[in-house]
Amino acid sequence: MNNDPPPGSGDDAEVRRVEMLFSRLPSGIVAALIGIFLCFLVLFETTGLELLKQWTAYMLSVSAMRAWLWYIFGKAERQGASVRRWEWSFATGAMLASLGWGALFGPLYPPATHPDAQMFVAMMAVITAFTGSVFVAVSNVTFWLFIIPILGPAVATYVLTLGTGARWPIIAAASCIAVFIIVQRTLYQSATRILRHSAEADILLAEQQAIFDSSPSGIAVLDNRQIAKCNMRLGELLGHRLQDLSGSRLDQHFVGQAEAGLFLADHALALESGSPVNGMYRLRRADGGQFWAELSGRRMTGRPGQTVWVITDITQTVANRQRERNKHPA
């Protein structure tokens with residue numbers, strides 16, 4: 001059995017992965033705005049106002065740019081050839097935001113006289129890095145471009161401030177980085193696997209639907225005796241719209257009650273035995289015309305009470321047989 005994925009499923013999965021990346025961007029922007037506001041309040045008394053205003057303006061500008069990028073992506077065509085460029089655009093925006101957060105451990109870092117502010121900045125770095133790991137987990141390049149500018153300055157600041165003798169901050173920082181990487185890898189593998197399977201399933205479903213719609217024979221799925229689903233060809237044979245056929249009883253379209261009774265007996269046999277059944281019946285069109293049809297049906301696997309029937313117009317075949325009998329009477 002061929003287990004290869006359907007053609008095109010890889011590109012479709014990549015498109016869906018980047019779409020998922022952008023779908024999380026509004027939540028990430030809201031979280032960033034909350035963090036910017038809190039940082040402004042906490043650092044107001046520990047940092048020069050002019051520098052803090054410049055940092056706030058930078059972060060708000062980056063957030064606005066990322067919101068604009070999200071809007072443009074929503075209007076753009078999503079194709080496998082261009083989706084990587086969109087991913088890199090997203091990663092660039094994430095890196096610019098990360099540089100701003102990393103600045104909290106540079107010129108904006110509170111002095112030792114404000115330990116509470118230092119603790120707040122450390123907590124903000126951890127929270128931002130963790131939420132970023134979750135929001136950008138489906139993109140490896142975005143994850144690394146986002147996480148390094150935040151945690152790199154943080155680790156360097158604590159090493160230089162506390163000295164190499166203080167091992168616990170270094171161990172804690174390394175542990176945090178390891179946790180972020182594990183979380184990102186787990187979410188990335190899970191998301192890519194789900195997206196790939198979803199893309200393959202959608203392609204197979206589209207192929208099956210195309211076969212269903214383009215079949216030269218009418219196809220009807222019956223739930224007990226009612227038409228649950230049918231294709232265009234059946235509508236053409238019976239002269240009805242699909243919405244009119246849906247929910248109606250197939251035996252209502254037979255010419256006589258006797259033939260309808262035979263069909264219902266075959267329908268019951270198909271439900272009970274699961275074996276295919278065949279029969280020839282006269283069906284009536286919406287305009288009153290009649291035609292001979294061959295009906296082949298079988299119970300659907302895993303669907304109790306449902307059968308699928310293939311209806312083929314054999315009027316010409318029956319007419320040819322009748323002419324042959326007239327030419328060569330017994």
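Buried means under 20% relative accessible area, exposed means over 50%, and partly exposed lies in between (1.4 Å probe, protein chains only). This is a predicted model, in which local features need pLDDT of at least 70 and side-chain atom pairs count only at pLDDT 80 or more, while totals for chains, interfaces and linings use all residues. Residues are numbered from 1 along each chain as its sequence is written, and side-chain values use heavy atoms, with hydrogens and water left out.

**View 1. T128 in helix α5 (residues 115–135).**
Helices (H or I, at least four residues) and strands (E, at least two) are DSSP runs, numbered from the N terminus. T128 has 10% relative accessibility, so T128 counts as buried. A polar atom of the T128 side chain lies 2.7 Å from the backbone oxygen of M124. A polar contact is a pair of N or O atoms within 3.5 Å; within protein, one must be able to donate a hydrogen and the other to accept it, and residues adjacent in sequence count only if both atoms are side-chain atoms. Not counting residues up to four places away in sequence, T128 touches W101, F146 and I150. Contact here means heavy atoms within 4.5 Å.

**View 2. Helix α5 along its length, with its buried residues.**
The 21 residues of α5 should span 30 Å at 1.5 Å a residue, and its end C-alpha atoms are 30 Å apart, which agrees. The expected span is 1.5 Å times one less than the number of residues in the helix. Buried residues of α5 include T128, A117, Q118, F120, V121 and M124.

**View 3. Helix α2 (residues 25–43) against α5.**
Two packed helices are described by the angle between their axes and the distance between the axes. The axes of α2 and α5 come within 11 Å and cross at roughly 175°. That makes α2 roughly antiparallel to α5. On the α2 side, the contact is made by S27, G28, A31, G35, L38, C39, V42 and L43; on the α5 side, by A117, F120, V121, M124 and F135. By class, this contact has 10 nonpolar, 3 polar and no charged residues. Axes are lines fitted to C-alpha atoms, for helices over the stretch in contact, and angles run from 0 to 180 degrees between N-to-C directions. Angles under 35 degrees count as roughly parallel, over 145 as roughly antiparallel, 65 to 115 as roughly perpendicular and the rest as oblique. Ala, Val, Leu, Ile, Met, Phe, Trp, Tyr, Cys and Pro count as nonpolar, Asp, Glu, Lys and Arg as charged, and the others, Gly among them, as polar.

**View 4. L38 of helix α2.**
L38 is partly exposed, with a relative accessible area of 34%. L38 and F120 are 82 residues apart in sequence; C-alpha to C-alpha, they are 9.5 Å apart in space.

**View 5. Helices α2 and α3.**
Their axes come within 10 Å and cross at roughly 175°. That makes α2 roughly antiparallel to α3. Among the residues that meet are L25, P26 and I29 in α2, and L52, W55 and R66 in α3. The contact divides into 15 nonpolar, 2 polar and 1 charged. Buried residues of α3 include L52, W55 and R66.

**View 6. R17 in helix α1 (residues 9–23).**
R17 is buried, with a relative accessible area of 3%. Leaving aside neighbours within four places in sequence, R17 is in contact with R84, E87, V138, S139, Y188, T192 and L195.

**View 7. N224 in the loop between β1 (218–223) and β2 (226–230).**
N224 is not a glycine, yet has a positive phi of about 60°. N224 is partly exposed, with a relative accessible area of 45%.
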